Every structure is written in structure tokens, then in C-alpha cells.
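Subject: Structure handover

Hello,

Here is the structure for your work, with notes on what was found in it. Please look through the coordinates before reading the notes.

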Amino acid sequence: MDAPPPDPDARVAYGPEPLQFGDLRLPAGAGPHPVAVVVHGGYWQAIHNLTHAGHLCVDLAAHGIATWNVEYRRLGDPGGGWPGTLDDVRRALAHVELLAGEHRLDVGRIVLLGHSAGGQLALLAAPTSPLRLRAVVSLAGVVDLELLDAGGADRGLVRRLLGGAPEELPERWRDASPREQLPWPVRTLLVCGTEDVHWGPNEATATAAREAGGDVELVPLPGASHFELIDPAAAEWDVVRGRIVELLA
């Protein structure tokens, strides 16, 4: 994870802004290939980019799954924050339809994968997507913004993202928190390590989501923390990859 991944097969713009691009990696063979759209995390900050997610994308491509690793404007970038960050992810997701024809992607077999803050963005982007998603897979996702803010683990970054406190911008906080969007209309896997700060919110949200009528599965990874879920060298990634392969079969 410390070294950069191999270069993608193509870096493709999905919009006119410098950070509106994604890295496409393709499996061997003629296709059409199933697709994982990947939204990296980093608490929405510009200092974290798509590079670290490239390793899991390389691994998925080696197992027959094309990946579209999405970059987006973040806190510190012109246009980043709310709602520009989410708008970028939605736009990048819709761009898969254009990629499909040129690169022989199977638009009937797509999962949306997000890690940490990328999980929040994926869960919010899925309901408005023009694609027929097989599932959303949230890896240690930020699912409950008010709970995260109250605990302080985000160091005030949710307030920076949204431009103020919950009592100042209640509608914006509702719109930005996946927990407030139940029931989710797309099949969802909430994957989280039991030693991660996000475990409690994921466990509680999974229960609430199922009670609201959603097709939601909680996948606990005992003893895991935050990054094993996206590290191809970790045993936890084998579990994650296996579930993605099942969803796209």
C-alpha cells in the first residue's frame, strides 16, 4: 500500500474540471467485463486521492472485473465540498454508460464500491444512478454523519464538508447522511471491521435499514480495523473480493 500501483489502462475525463477523471483498468480477454466503480476515501480531503485505491483495482482486474477508480473534487479543491464532491461522484458513475461501448463493459453487471468517506458518497449516489447496479458495497463507510460528528473521530471534517453544524444546516445534514435516506433502494453490503471506529454506526444502521425494508447485509470482519478491507495483502480483502465476485456472477 505504500508503493504506487501500476498505471491504469486509461485515464479518462468524465467532466471539464481537472479533478473530474477516473482510472480504468481492464481484465484480460475480450469482454464484456463486469465492472466495479470504486470511490476512494480520505474524509473528503484533497490530501488523499485515488492512488491508494489503485491496488485493489489491480487485484480485481486480475480476477476478471474491470474497475473505474473515480477521482473527485475534495475539501481544499476548487468546487470541492458540498454538494460538489457528491455531484462529481454521481457524474462519474453515470459516465460508465459512455465507457461501456468503447471498452466492452457489461452494464448489466456493475457494483458501486466505496471506502470510508467514499462509502458515504457511494450510498448517496446509488439511488439517483441511471445504471442498474447489482449492489452498493460500503467498506468501513461513513453511514451516520451526526453520530460521527458527535464522537469527534472526524476532527470536525463533516462540519467542514457541509459548511456548518447540524443545528445550523439541518436539511443539509439530513441530505448528506446515508442513515437519513432509509430505506435504500439498492441492495447494500455494509462491510466493516469490528475494531474500526465505524463499526458501531454500521451495525446500528444495518439494523435500521433492514427494519425500514431495505435489502441490506452487514458483513463483520472480526478484529479488523480501517484499512485491511482495501489492502490486497490482507486476508480481509479476500473476503471483500469474494463478495464482489459473487455479486457480479
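A salt bridge here is a side-chain nitrogen of Lys or Arg within 4 Å of a carboxyl oxygen of Asp or Glu. By that criterion the structure holds 11 salt bridges. Please keep in mind that this is a predicted model.

Salt bridges

Asp144 and Arg179 form a salt bridge in which the closest N and O atoms are 3.8 Å apart. The two residues are 35 apart in the chain, and both sit in loops: Asp144 between strand 6 (135-139) and helix 5 (145-151), Arg179 between helix 7 (170-176) and strand 7 (188-193). With a relative accessibility of 12%, Asp144 counts as buried, since the cut-off for that class is under 20%. Arg179, at 28%, is partly exposed.

Asp149 and Arg159 are joined through their side chains by a salt bridge with an N to O distance of 2.7 Å. This pair connects helix 5, which holds Asp149, to helix 6 (residues 157-162), which holds Arg159, and the two residues are 10 apart. Asp149 has a relative accessible area of 14% and is therefore buried. Arg159 has 35% and is therefore partly exposed.

Arg243 and Glu217 form a salt bridge at 2.8 Å, again N to O. Here the link runs from helix 9, where Arg243 lies, to strand 8 (residues 216-221), where Glu217 lies, across 26 residues of chain. Glu217 is partly exposed, at 28% relative accessibility.

A network of salt bridges links Asp59, Asp238 and Arg241. Two of these names, Asp59 and Arg241, return in the helix contact below.

Helix 1 and helix 9

Two packed helices are described by the angle between their axes and the distance between the axes. For helix 1 (residues 54-62) and helix 9 (residues 235-248), the axes come within 11 Å and cross at roughly 50 degrees. The two helices are therefore oblique to each other. The crossing of helix 1 with helix 9 is right-handed. On the helix 1 side the contact involves Leu56, Asp59 and Leu60, and on the helix 9 side Trp237, Arg241 and Ile244. By type, the residues of this contact are four nonpolar and two charged, with no polar ones.

Helix 4

How many residues of helix 4 (residues 117-125) are buried? The count is nine of its nine residues, and the helix is mostly covered. The buried residues include Gly118, Gly119 and Gln120, as well as Leu121, Leu123 and Leu124. Ala117, Ala122 and Ala125 are also among them.

Ala100

Ala100 lies in helix 3 (residues 96-103). Its relative accessible area is 11%, so Ala100 is buried. Apart from its neighbours within four places in sequence, Ala100 is in contact with Leu105 and Val107.

Regards

Methods: Residues numbered from 1 in each chain as written. Predicted model: local features only at pLDDT ≥ 70, side-chain atom pairs only at ≥ 80, totals over all residues. Heavy atoms only, no water. Axes fitted to C-alpha atoms, helices over the stretch in contact; angles between N-to-C directions. Helix = DSSP H or I, 4+ residues; strand = E, 2+ residues; numbered from the N terminus. Parallel < 35°, antiparallel > 145°, perpendicular 65-115°, else oblique. Left-handed = near helix turned anticlockwise from the far one by under 90°. Contact = heavy atoms within 4.5 Å. Nonpolar A, V, L, I, M, F, W, Y, C, P; charged D, E, K, R; others polar. Buried < 20%, exposed > 50% of the residue type's maximum accessible area, 1.4 Å probe, protein only.
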